[in-house]
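Q: Can you walk me through this structure? I have not looked at it before.

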Amino acid sequence: MIEQTRPPRSARYYTVCIGVGLLAGLLSGLFGVGGGTVIVPLLVLLLAFDQRFAAGTSLAAIVPTASVGVITYAIDGHVAWIPALILAAGAVGGAQIGTWLLPRLSQTALRWAFVAFLVAVIVSLYFVIPSRDAELELTLVTGPGLALLGLITGILAGLLGVGGGIIVVPALLLFFGTSDLVARGTSLLMMIPTAISGTVGNLRRSNVDLSAAACIGIAACTTTALGAFLAKLIDPFVGNVLFSLFLVFIASQMAVKAVRGRRQR
């Protein structure tokens, strides 16, 4: 086991963790994502965390963050509980497949394919306006569809390290016709068992900075409810536009990684 280099516990360390948590919590509540796409790069950039160490710390911080988000969305009935559990079950199984495929597939090709997927989602978000009254009902079609979506989400998470919300939220909007609020609340609930499972494994490998995770998680909890509250106030089309801009940021990150990966070959 490789012992990770931990940054010194200075005032800057805690200030950065709090700032990262506040931003991650706001985005988590607003878009129904875990916040890892913000936490990981900022920990690497600002505190010189190793990429895997940052990912493990981020996953631990997501547990309380997503929990607060779920409660906030559930108060107004914007969580589909059973569909979320189906998604989570598929994601847990898919993550095992993804990690098995990881050394067997080209990371660069996968990243470019994911960028193409995100571009298609970004464009479609300007043409599909979700209804706030639409529910996510279980049928003979949607049940297996949710299991398949969870499986695909888990595989991509294992292969690329992307959070489930980036895939699940737009998929529920575009393919299942779900309300944007239900999509976000359901996505956050789906993340909790997956994040707990991953965190247990990371703790065994000493791949989590518990101080940073606690600091980020507590700070995120203070803004997650605010993000969810703002999501309810924002017009669905405006919400789509804001989410598309967030996806542009994620696609840009993935494209940069793809370019760097190709240069290193």
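Q: What kind of model is it?
A: This is a predicted model, where local features need pLDDT of at least 70 and side-chain atom pairs count only at pLDDT 80 or more, while totals for chains, interfaces and linings use all residues. Residues are numbered from 1 along each chain as its sequence is written, and side-chain values use heavy atoms, with hydrogens and water left out.

Q: What pLDDT does the chain average?
A: The average is 88, and 96% of the residues score at least 70; pLDDT is the predictor's confidence in each residue, from 0 to 100.

Q: Which element has the lowest mean pLDDT?
A: Helix H10 (residues 236-263), at 86, whereas helix H9 (residues 210-233) has the highest, 95. Helices are DSSP runs of H or I, at least four residues, numbered from the N terminus.

Q: How do H1 and H2 lie to each other?
A: The axes of H1 (residues 11-31) and H2 (residues 36-47) come within 10 Å and cross at roughly 160 degrees. They are therefore roughly antiparallel (angle over 145 degrees).

Q: Which residues make the contact?
A: Among them are Val16, Val20 and Leu27 of H1 and Leu42 and Leu46 of H2; contact means heavy atoms within 4.5 Å.

Q: Now H5 and H7. What is their angle?
A: H5 (residues 107-124) and H7 (residues 164-175) cross at roughly 40 degrees, with axes within 11 Å.

Conventions: Axes are lines fitted to C-alpha atoms, for helices over the stretch in contact, and angles run from 0 to 180 degrees between N-to-C directions. Helices (H or I, at least four residues) and strands (E, at least two) are DSSP runs, numbered from the N terminus. Angles under 35 degrees count as roughly parallel, over 145 as roughly antiparallel, 65 to 115 as roughly perpendicular and the rest as oblique.
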